[in-house]
Amino acid sequence: MSAPHRRTLSRAGRRRLAGIAMTSPALAMITLFFFVPLVMMLWMSLHDWPLLGEHHFTGLKNYREALHDTEFRTAVIFTVKYTLITTPVLFVLGLAMALLVRHKRRGARFFQAVYFLPVVVGLASAAFLWLFMFQSDIGPAGDLADHLGLGSRTTNWFAGSTSAMLVVIGMVTWKIVGLQMLLLLTGLRSIPTDAEEAARIDGASRLQTFRYVILPLLRPTLALVLVFSVAGSLLAFDQFYVMTGGGPSNSTITAVYEIYRASFIKFQLGYGSALSALLMIVLAAVSAIQMLLLRSSDH
Amino acid sequence: MSTRTARTRDPGTRPVETDSRNLVTAIRQSLPRAAWWAVCVCLAVLFLYPLYVMLSQSLKAPGEAAAAPPTLYPHELSLNNFRALDGDTGIDIVAGAGNSLLVSLGATLATVVLSTVAGYGFARLRFPGSDILFFATLATFMIPFQAVITPLYLLLNNLGLQNSLLGLAAVYTTFQLPFGLFLMRNSFAAVPRSLEEAALIDGCGILKAMVRVVLPVAVPGLITTALLTFFACWNEFFAALILISDQEKFTLPVSLSVLASGNLGSVDWGVLQAGVAVTIVPCVVIYLLLQKYYVGGLLSGAVK
């Protein structure tokens, strides 16, 4: 009587042991290269920590310094500005494109695939490509604008911070908007067609149907897409490092770029960690808002 | 309304009227369709134009590639820009591509193996605390890896893994693991439990049951994990820029940044675009071949 009982127990125990054994390599990896650095970051942010030489505890000094650091403030303001412009551009274009190709008509699938194609291109590679396209004199984009009478090929797009940012936003839009389109398309497909048809039969115009039927039902996807582009834009680095180098005169330095400069140009690792901690708090807040939005829209 | 009734009552003009009206409605009906095609084609041209620029620029002869104003298409096709990738410009892009391939394949292999094994554990071999641990790995989604790069640099330095491709691959693996775990756990959870139990009753061990019975069903999830990991590693720039300091260990995007910064004299835009093409074309080809897995994976990742 007790023998089979003991055997089932041991089998369950074996399964538990196997579970621990199988999950531990991945967990060890994540612990070592993610959670340990995470704790280190918080610890380092409380220190004056040069790359070489002694580090010593300074309490919250780095954080106080960050609040009064005009360079950091400029970087944060620029990042917010960039985010505030990029997000609506991506959003409106992504939605328009999703509406354009959502119907199952001839050619729609082909155009979907074409618009999505740049998504698989790396951000840095796309930046190198657009950097060339918008070079003065030799850049094909300026040349094309010249042919069409829209501009001059001698324009140096990277000489002004606004025009440089516009080129970067153009590049990011080209690279990202296909993903937004795809996400919104999936959202649109999940809306039951009878809801739309019912509204049309009731005499609602196309615009009214969109405004009062489609948009509300699309809310979870809209929230997701918005948070995606907000989080992505707040973490911008590659595109500015490659295309503007932070210039002209440090006017296109983003928050992550400032962390990079603090930690790996000036080698103030403690200060860089403090900036990282601030960034982490902001991004965690964005993620939390995302979860809240997604959860509340479930009901 | 009244004019229409008046017209239909007039038998004399009727055939001509309907004809022209039919033509008008025909045009009016096909107009949205034509407009749709026009808009879609214009957008498609806009989206493909940068890729055309990349290919045409990289295939120009070196002299033509530096021309101002630029030529619209290569007047003389030449592979010289691609030939110059192996170090003629001072930085060996081919070696960079080799490093990228090595790191990306290594990280992909490690991610696939670790997330398959652990995903199965989390899905089927529950143990006290397994749900909490799984949730903890998902919590890493909320923290951007850019935020831990400073301590990571120091940690790798202490482990002797800074400025090493192995260290970079380990970092990439770590940051792709949560997503891989999530995907693989869901893939395994979707396999009917009875399938596995039948194998266990037939005398298979836990590992054998997993490999023989459950794993084949989870293959699509596996391909997706591998694909997304490879793309992420191949294109990654920020960590590679910081964690690798020797030029001969640079990955492809970072070695292109050396070329683009013009540190070695003036920028050779033809060679740079050839390098960009080497980075982009494999991604495009793989995407076109395995579109289903790629898109499916992105969508399941987005709604995590």
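Start by selecting chain B and drawing its contacts (heavy atoms within 4.5 Å): among those between residues at least 6 apart in sequence, 72% join residues at least 24 apart. Before going on, note that this is a predicted model, where local features need pLDDT of at least 70, side-chain atom pairs count only at pLDDT 80 or more, and totals for chains, interfaces and linings use all residues. Residues are numbered from 1 along each chain as its sequence is written, chains are lettered from A and ligands numbered from 1 in the order in which they are written, and side-chain values use heavy atoms, with hydrogens and water left out.

You will find 15 helices and zero strands; both are DSSP runs numbered from the N terminus, helices being H or I with at least four residues and strands E with at least two. Zoom out, and the C-alpha trace of chain B spans about 95 × 65 × 35 Å along its principal axes. Its radius of gyration is 29 Å, whereas a compact globule of 304 residues would have one near 19 Å; the radius is taken over C-alpha atoms, and the globule rule is 2.2 Å times the number of residues to the power 0.38.

Next, bring in chain A and select the interface. Chain B puts 93 residues into the contact and chain A 89. About 8,000 Å² is buried between them, with carbon and sulfur atoms giving 82%; this buried area is the accessible area (1.4 Å probe) that two parts lose on being put together, summed over both.

Then select residues 252-261 of chain B, which form helix H13. Buried here means under 20% relative accessible area, exposed over 50%, and partly exposed in between (1.4 Å probe, protein chains only). Among the buried ones are Leu252(B), Pro253(B) and Val254(B). For the cover, display helix H5 (123-133) of chain A, and in chain B include helix H5 (93-124) and helix H14 (269-289). Just after H13(B), Gly262(B) takes a positive phi of about 65°.

Last stop: helix H2 (residues 61-68) of chain A, where Leu67(A) is found. Leu67(A) is exposed, with a relative accessible area of 61%. Draw a distance to Gln135(A), 68 residues apart from Leu67(A) along the chain, and their C-alpha atoms are separated by 37 Å.
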